[in-house]
Amino acid sequence: MFGKIPLALLGLSVGSILTIMGVIAYAFGKPTLNLNGFFYGIPLFLGGLALKASELKPIPYSKPTSPEVLALREEQATEIQQKLRKDITRYRYGQPVHLDYPLMKLAIAPDEELPNLQELREEAIEGNYALILDFYSPFVSLEQWQDKQEKIEKFFGPGIRTTLAQTQEEWIELALITVTDDN
């Protein structure tokens with residue numbers, strides 16, 4: 001729940017209210033409220049500004065997930081797929097892009113040229129649950145992604161196979177597909 005609420009907005013809102021309360025208390029000669037408003041309001045407001053400057057918004061779904069795929073997710077999704085989906089669909093702070101750590105760990109690209117995750121969707125591929133991530137990747141070609149495909153599969157855990165595709169120029173689609181005992 002709290003990942004859906006931007007902490008920056010909370011800090012800015014509460015800090016603004018307390019600061020305004022402090023200014024009003026100062027105008028009416030209420031020293032206790034004045035001090036509380038300034039000592040708590042201004043730092044909260046500044047903290048909210050700092051969070052806003054380093055905020056990454058949640059990644060949107062490119063299309064709604066069907067009830068059939070939701071049932072597949074409950075049945076087949078690995079723990080890593082679940083954590084990954086929850087992580088990228090909430091507000092993040094202090095990171096250059098979503099999934100920066102995995103992308104750097106996999107050595108997909110140098111730090112300043114990391115692909116930027118833009119959208120996700122969930123689908124059924126050959127009867128298996130798939131979490132599909134769409135990256136804007138102007139500095140990393142499909143061939144570079146494909147060179148790391150085996151490493152990506154190992155990184156995202158047992159029970160996962162990946163497919164890579166270039167959907168349009170500078171866009172890479174990474175599908176993390178659950179491997180079941182049936183296939």
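Thr178 counts as buried because its relative accessibility is 3%, where buried means under 20% relative accessible area, exposed over 50% and partly exposed in between, computed with a 1.4 Å probe on protein chains only. The model is a predicted one, in which local features need pLDDT of at least 70 and side-chain atom pairs count only at pLDDT 80 or more, whereas totals for chains, interfaces and linings use all residues. Residues are numbered from 1 along each chain as its sequence is written, and side-chain values use heavy atoms, with hydrogens and water left out.

**Thr178 and its surroundings**

- Thr178 is found in strand β6; helices (H or I, at least four residues) and strands (E, at least two) are DSSP runs, numbered from the N terminus.
- The side chains of Thr178 and Gln81 are joined by a polar contact of 2.8 Å, a polar contact being a pair of N or O atoms within 3.5 Å, of which, within protein, one must be able to donate a hydrogen and the other to accept it, while residues adjacent in sequence count only if both atoms are side-chain atoms.
- With neighbours within four places in sequence left aside, Thr178 is in contact with Gln76, Ala77, Thr78, Gln81, Asn128, Tyr129 and Gly159, contact meaning heavy atoms within 4.5 Å.
- One of these partners, Asn128, has its place in strand β4 and is buried, with a relative accessible area of 3%.
- The C-alpha atoms of Asn128 and Val179 are separated by 7.1 Å, although the two residues are 51 residues apart along the chain.

- Gln81, which has its place in helix α4, counts as buried at 1% relative accessibility.
- A polar atom of the Gln81 side chain lies 2.9 Å from the backbone nitrogen of Thr78, and the Gln81 side chain also makes the polar contact with Thr178.
- Apart from neighbours within four places in sequence, the contacts of Gln81 are Gln76, Tyr129, Leu131, Ile160, Leu176, Ile177 and Thr178.
- The C-alpha atoms of Gln81 and Tyr26, which are 55 residues apart along the chain, are separated by 53 Å.
- Arg85 is also found in helix α4, which covers residues 79-88, and Arg85 is buried, with a relative accessible area of 10%.
- The side chain of Arg85 makes a polar contact of 2.6 Å with the side chain of Gln82, and, not counting residues up to four places away in sequence, Arg85 touches Tyr61, Arg73, Leu120, Glu122, Tyr129 and Leu131.

**Asp100 in helix α5**

- Asp100 lies in helix α5 and is buried, with a relative accessible area of 10%.
- A polar contact of 3.2 Å joins the side chain of Asp100 to that of Gln95; beyond neighbours within four places in sequence, Asp100 is in contact with Gln95 and Leu114.
- Asp100 and Asn116 are 8.8 Å apart in space, C-alpha to C-alpha, and 16 residues apart in sequence.

**The cavity**

- A search of the whole structure finds one cavity of 30 Å³ or more, a cavity being a set of points on a 1 Å grid over the protein atoms alone where a 1.4 Å probe fits but cannot get out, with lining residues having an atom within 4 Å of a point.
- The largest cavity has a volume of about 50 Å³, and the residues that line it include Leu99, Pro102, Leu103, Phe135 and Trp145.
- At least two residues of this lining are supplied by each of α5 (100-105) and β4.

**Helix α2**

- The end C-alpha atoms of helix α2 (residues 31-53) are 33 Å apart, in agreement with the 33 Å that its 23 residues should span at 1.5 Å a residue, where the expected span is 1.5 Å times one less than the number of residues.
- The buried residues of α2 are Asn34, Gly37, Gly41 and Gly48, and what covers them includes α1 (7-27).

**Two glutamates with positive phi**

- Glu126, in the loop between β3 (116-125) and β4 (128-136), has a positive phi of about 55° although it is not a glycine, and Glu126 is exposed, with a relative accessible area of 68%.
- Glu170, in the loop between β5 (160-168) and β6 (171-178), has a positive phi of about 70° without being a glycine, and Glu170 is partly exposed, with a relative accessible area of 30%.

Methods: On a 1 Å grid over the protein atoms alone, a cavity is a set of points where a 1.4 Å probe fits but cannot get out, and a pocket is an open set with protein on both sides within 12 Å along at least five of seven lines; lining residues have an atom within 4 Å of a point. Grid points are joined across faces, edges and corners, and a volume is the space filled by probe spheres set on the points.
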